[in-house]
Amino acid sequence: MATEVFRSAVPLTVNGERRSPVVDHRSTLLDVLREQLDLTGAKKGCDHGQCGACTVLVDGRRANSCLLLAVACEGCQITTVEGLRGADGEAPHPLQRAFVERDAFQCGYCTPGQLCSAVGMLAETAAGHPSHVTEPGAKTPVALDRDEIRERLSGNLCRCGAYPHIVEAVEDVIR
Ligand code: FES
Ligand code: FES
């Protein structure tokens, strides 16, 4: 069939499971996760890389899945909000518990992206990555004060304005 040149099986590990969806080469990772793999946690907000609702972890680093072609993720380890686990391997992740306890959402549309972003942000900070507000020469890993948390999560927008409680939830987990 002529259209088959536009489709390939793409081996991925998604939330610890090996998957090999046959994807259209023009499909984004977000669309493949939601429409082919039935993982609807990651949300389509802007579809332009501007809101962070689609954030997932790709090989442990946060990424806007609306900007990634699925075919470019061959062999990658993808973690969506459905796959978040604590250090003991059990769900929910401590950040998910903290979000519930702090009431860090209203409509919840941005929440899966906020959670994946926060998990990725904690790992990036632990690995010594500076942010835009980190003082040059600051000791690493940088202490995550409110300014650091806000800056490092600034790629994730919340139309409901749940930001204060999101920051408090992250603070609960790092204490
Ligand atoms: S849907 Fe991907 S950044 Fe908005
Ligand atoms: S909780 Fe509604 S968009 Fe963030």
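How are helix 3 and helix 5 oriented to each other? In this predicted model, the axes of the two helices come within 12 Å and cross at roughly 40 degrees. Angles under 35 degrees would count as roughly parallel, and those from 65 to 115 as roughly perpendicular; helix 3 and helix 5 are therefore oblique to each other. Their crossing is right-handed. On the helix 3 side the contact consists of Gln114, Ala118, Met121 and Leu122, which meet Ile166, Val170, Val173 and Ile174 of helix 5. Sorted by class, the residues of this contact are seven nonpolar, one polar and no charged. An α-helix has 3.6 residues a turn, so residues three or four places apart point the same way.

Helix 2, residues 94–102, packs with helix 5, residues 163–174, at an angle of about 135 degrees, and the two axes are 8 Å apart. That angle makes helix 2 oblique to helix 5. The crossing of helix 2 past helix 5 is right-handed. From helix 2 the contact takes in Pro94, Leu95, Ala98, Phe99 and Arg102, and from helix 5 it takes in His165, Ile166, Glu168, Ala169, Val170, Asp172 and Val173. In this contact of helix 2 with helix 5 there are eight nonpolar residues, one polar residue and three charged residues.

Setting aside residues up to four places away in sequence, Val173 touches Pro94, Leu95, Ala98 and Leu122. Is Val173 buried, partly exposed or exposed? With a relative accessible area of 25%, Val173 is partly exposed, since buried means under 20% and exposed over 50%. Along the chain Val173 is eleven residues from Ala162, and the C-alpha atoms of these two residues are separated by 17 Å.

Five strands form an open sheet in the order 3-2-7-5-6, with mixed pairing. Strand 3 (17–19) and strand 6 are its edges, each pairing on one side only. On average, neighbouring strands are turned by 35 degrees against each other, direction ignored. Helix 1 packs on this sheet and touches strand 2, strand 5 and strand 7, its direction making about 100 degrees with that of strand 5. Helix 3 packs on the sheet as well, where it touches strand 5, strand 6 and strand 7; the direction of helix 3 makes about 40 degrees with that of strand 5.

Strand 5, residues 55–58, is covered on both faces: Thr55 and Leu57 are buried on one side, and Val56 and Val58 are buried on the other. Strand 5 pairs with strand 6, residues 61–64, in the antiparallel sense over four bridges. The two strands form a hairpin with two residues between them, and Asp59 in the turn has a positive phi of about 50 degrees. Strand 5 also pairs with strand 7, residues 77–79, again in the antiparallel sense, over two bridges. Val58 takes part in both pairings: it stands opposite Arg61 in strand 6, and its bridge partner in strand 7 is Ile78.

Helix 1 covers residues 29–36, and its buried residues are Leu29, Leu30, Asp31, Val32 and Leu33. These buried residues pack against strand 2 (12–14), strand 4 (22–24), strand 5 and strand 7. After helix 1 comes Asp38, with a positive phi near 60 degrees.

The last stop is a loop residue. Val142 is placed in the loop between helix 3 (111–126) and helix 4 (146–152). What relative accessibility does Val142 have? The value is 11%, so Val142 counts as buried. Leaving out residues up to four places away in sequence, Val142 touches Thr125, Thr134, Glu148 and Arg152. Thr125 is 17 residues from Val142 along the chain, and their C-alpha atoms are separated by 6.5 Å.

Conventions. Residues numbered from 1 in each chain as written. Chains lettered and ligands numbered in written order. Predicted model: local features only at pLDDT ≥ 70, side-chain atom pairs only at ≥ 80, totals over all residues. Heavy atoms only, no water. Axes fitted to C-alpha atoms, helices over the stretch in contact; angles between N-to-C directions. Parallel < 35°, antiparallel > 145°, perpendicular 65-115°, else oblique. Left-handed = near helix turned anticlockwise from the far one by under 90°. Contact = heavy atoms within 4.5 Å. Nonpolar A, V, L, I, M, F, W, Y, C, P; charged D, E, K, R; others polar. Buried < 20%, exposed > 50% of the residue type's maximum accessible area, 1.4 Å probe, protein only. Pairing = 2+ DSSP bridges.
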